[in-house]
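I opened this notebook to keep track of what I looked up, chain by chain, and in what order.

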Amino acid sequence: MNELIEILSDLHPEVDFTTAKDLVTGGILDSFDIVSLISEINEEFDVTISAAELTPENFASAETIYALIKAKLDDED
Amino acid sequence: MLFTSYEFLGFLLVVFIMYYLLPGRAQWSFLLIASYAFYFMADPRYLIFIAITTVSTYLAAKAISDKKQSFDIWFKEHKKEMEKEERKAAKAKEHANEKKIFLCCLLFNLGILAVTKYTNFTISNINSIIGAFGNQGTLSFVDLIIPMGISFYTFQSMGYLIDVYNGKFEAQKNPFKFALFVSFFPQLVQGPISRYADLSQTLFEEHRFDWKTVSFGLERIMWGFFKKLVIADRILVAVQAIIASPDTYNGFYAFAGAMFYALELYADFTGGIDITIGVAETMGIKVTENFRRPYFSKNIKEYWNRWHITMGTWFTDYIFYPISASQFMMKLSKKSRARLGNNLGKRVPVYLSSFIVWFTTGIWHGASWNFIVWGLGNFVVIMISQELEPFYRWFHSKVKVDGTFGWKLFQIIRTVLIMSSLRMFDCYRDVPLTFKMFGSIFTKSSLSQLNADAFISMGLESYDYAVVFIGMLVLVAVSLVQRSGSVREKIAAKAAPVRFIAWYGLFMATLIFGAYGIGYSASQFIYNQF
Amino acid sequence: MKKLLAIILTIFIAVAGLAFATKLLEPKYMSGVLEGAMIEEYYDDPTDHNVVFIGDCELYENVSPVYLWENFGINSYIRGSAQQLIWQSYYLAEETIKKEHPDIIVFNVLSMKYNEPQKEAYNRMTIDGMKWSSSKIGSINASMTEEEHFIDYVFPLLRYHRRWSDLDSDDLTYLGHRDKITFNGYYMRVDVKPAENIPEGKPLADYQFGSNAYTYLDKLTKLCKDNDVQLILVKAPTLYPYWYSQWEEQIVDYAAANDLPYINFLDLQDEMGIDWNEDTYDGGLHLNLAGAEKMSQYFGKVLSEEFKVPDRRGEAELDSYWKLVSDRYNAEIERQNTNLKLYGTVHGPEENQ
């Protein structure tokens, strides 16, 4: 989780990602951020997130993003 | 059938009355018939194209959906018997099967779009290459019909196919319901590009006559006609005059032309969408909004989130994300990070994906180099502003202007100026001329060009400009009010005489000051051809 | 109850507003181009005419009903309009017969040369003034050019809304009424512009009148026969537009085949005493007052003697009606002559010609 928050803070230092909700609908993360994010996640956690999973719901908060990563990791075990 | 023709209004009236006279169960079927009738009246040959897209997409989506379902059942039953590796293999095999169907349908439909829209563009490019080698252009152009709205309904259908393929929702089982989704007549000609998940919510429902819904729909239609007839079709005359004589109208006039075009395009396109959404609304159907006061955007990225929204999100969801999340991009990202360092390397995939998206967006708008350069121009501007972000952050930490009215105004004006400059590609004959005219703004503008006679010679009288100007003020005022919620709701809350004056005034203003009827060539909605 | 009242009031205001806008914006034709006001004038006058002339400027500028009344006691009216096409003449004839059943209808054959709808503006000038009837609907449908729509005739605001930028004091003055601009359909000009260098007709590719024109001539003939109205075909004596001998032959043949009288006044110039240095105001296209009265003298004689049109002078009602027309007629002669002396043109300085 901490690694993820770090990645997010790199993108937007001005946002507190531990509390922020509605990251996509609230306009904090735009499509560029999301694409940068998934490549960072790929780098950091070695999971591939597919285009179909790039929904506002999955990227609503740090928690939902982490849940997505975790589900991916579990799936691979 | 133009939105601004008596035929369309007559057609609407008949459809509207029938729609509410019919029993609710029959309403959506009737809309399908009406939509096909609408398309048939434009050109009977178009029907073949839309029917092919409808049938192929319906079948492919249904096949994929059925396969998914039966696989899920089978998988649940046999899950426990299998090893992890076996399970993975089974899933991969299923996925590959679905992918075959998906790709066949996708390529087939995009192929139709490509052939009808881009064959002659390709031929002309081949000819100029041949010409460059000293031969005469040898290939002759093909006389192809471009079905009305093909770009819109193809994109809408493919969005649906991709969503089904990704398992977002099950395929529509009823082929006729799906046919209505593809052909729904108010949005057939110029969008918006609806998502199945949105439009299907209200499209197939039964709708009882509800006075508030209907009157709100009619108000929206009237507002659309006001924008289209009073503003867009009037200023159009000057725009065309300026574009037609680049030798006469350069320098400041080219700038004025770009500004007039910004106004015309906005009034025309948003007016057309207002009519579309309003027509759907009178029948209780909710069509997604396509604009959110785009000219109040603070930067180009925001502008593209607020202008032609359904197209922007389509390109983001179905092109930008799939490309940038693809295996290839992930690998490229790793490689470029290794080679170029983290900071620069991570940019490569985003930039490459953006480049592809903007190239596609450009060519989607029209089969010409003008649109391609226009699309890439947007790409360049967006990348520059992306790169300037650290600078802005630094700037704002030093100079406290962020959030002030003056700074916002500066941002808004900057955005409008940049977008209007890019749109000059949309106006002039070819790319070199566009650059020349853009350059002339800086080299040939002079105060002597600022004379009323020159503007009168563009085919509009001073009172025409006055009407356009007042119309523009109304647009701005409405947009400002709209920031705090629906203008129609606000008017509806007022006393009866106020409501009457507002709507009757709008109606009479359109009727009297609209640039329609004999003497005005019925200009097509600008987005028709796309 | 209160709600119902509010709805009725709303509808009333809305309709009244539209009606007012229509009245305000429709062209008044009270100065400059007067021809657009002619058709409408007919409905105000007493009917019961013995002779009704139907056709284009070759009638309404060349025949004077006032002269016919004063000298022969012929009670007549000209239902003329600029570039009146034959289907428009037919529907005017249909309406006239329904309304008053004249003894004689005189039709000028020049319009046989047009087989298709011509100009939207002329259509409007002929049709807008008609009262709504099946004849008007027929005339609209027969006349519309491709750019026109029926609904533009039903709601003239759709056609004339663009006049908002041309509004002037006339539009307010004539919001509810019109002045008379003709004398039982006659459009008067007293000035003189001699006919010189009248061009010969250019050779045409095809001299055959169109089938559509013939269809309406047939319909006109049948309409008159069925209603026991004597139809007289005429060709006005004016020199231009050129009247080809091939056209003449076709009309002569048609008249003979259908047992219709046909008078070509071009051949009777000497008998009438038309002097092209004196009797035209625009170099031979149209006759002026002097010319029109000469033609009326000749034609009146023919109508009285050959067609036995009764002399109705002495009928009190008609006498008093014609007295009014005649007074206006003389006043107009006076006005035009004065203007001519003062300004060199029949139009006063206030008229924007």
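**Entry 1, confidence.** I began by noting that this is a predicted model, and that its scores are ipTM 0.90 and pTM 0.90. For chain C I looked up the average pLDDT, which is 91, with 99% of the residues scoring at least 70.

I counted 3 helices and 0 strands in chain A, and reading along the sequence I wrote the pattern down as α-α-α. The radius of gyration of chain A came out at 11 Å, close to the 11 Å that the globule rule gives for 77 residues, so I recorded chain A as being as compact as a globular protein of that length. Along the principal axes, its C-alpha atoms fill a box of roughly 35 × 25 × 20 Å. I then looked up burial and found that buried residues make up 29% of the 77 residues in chain A. Among the contacts in chain A between residues at least 6 apart in sequence, 59% join residues at least 24 apart.

Which helices of chain B each supply at least two residues to the side that touches chain A? I first took the totals, which are 15 residues of chain B in contact with 14 residues of chain A. The helices are H11 (309-324), H12 (327-340) and H14 (347-365) of chain B, and H11(B) gives the most, with 5 residues. Sorted by class, this side of chain B has 7 nonpolar, 6 polar and 2 charged residues.

**Entry 5, a strand in chain C.** I turned to strand S1 (residues 51-55) of chain C, where 5 of its 5 residues are buried. C:Val51, C:Phe53 and C:Gly55 point one way from S1(C), while C:Val52 and C:Ile54 point the other way. S1(C) runs parallel to strand S2 (residues 76-80) of chain C and is joined to it by 5 bridges, with C:Val52 standing opposite C:Tyr77. S1(C) also runs parallel to strand S3 (residues 104-108) of chain C, through 4 bridges, and in S3(C) the bridge partner of C:Phe53 is C:Val106.

Which residues touch the most other members of the largest nonpolar core? They are B:Leu161 and B:Ile235, in a core of 131 residues, to which helix H9 (residues 252-282) of chain B gives the largest share, 17 residues. Leaving aside neighbours within four places in sequence, I listed the contacts of B:Leu161 as B:Thr57, B:Ala60, B:Ala61, B:Phe102, B:Cys105 and B:Leu106. I also noted a second, separate core of 67 residues, which includes C:Ala213, C:Cys224, C:Leu231 and C:Trp247.

Key:
Residues numbered from 1 in each chain as written. Chains lettered and ligands numbered in written order. Predicted model: local features only at pLDDT ≥ 70, side-chain atom pairs only at ≥ 80, totals over all residues. Contact = placed C-beta atoms within 7 Å. Nonpolar A, V, L, I, M, F, W, Y, C, P; charged D, E, K, R; others polar. Buried ≥ 20, exposed ≤ 12 C-beta atoms within 10 Å, placed from the backbone. Pairing = 2+ DSSP bridges. pLDDT = per-residue confidence, 0-100. Rg over C-alpha atoms; globule rule 2.2 N^0.38 Å. Core = buried A, V, L, I, M, F, W, Y, C linked by C-beta atoms within 7 Å.
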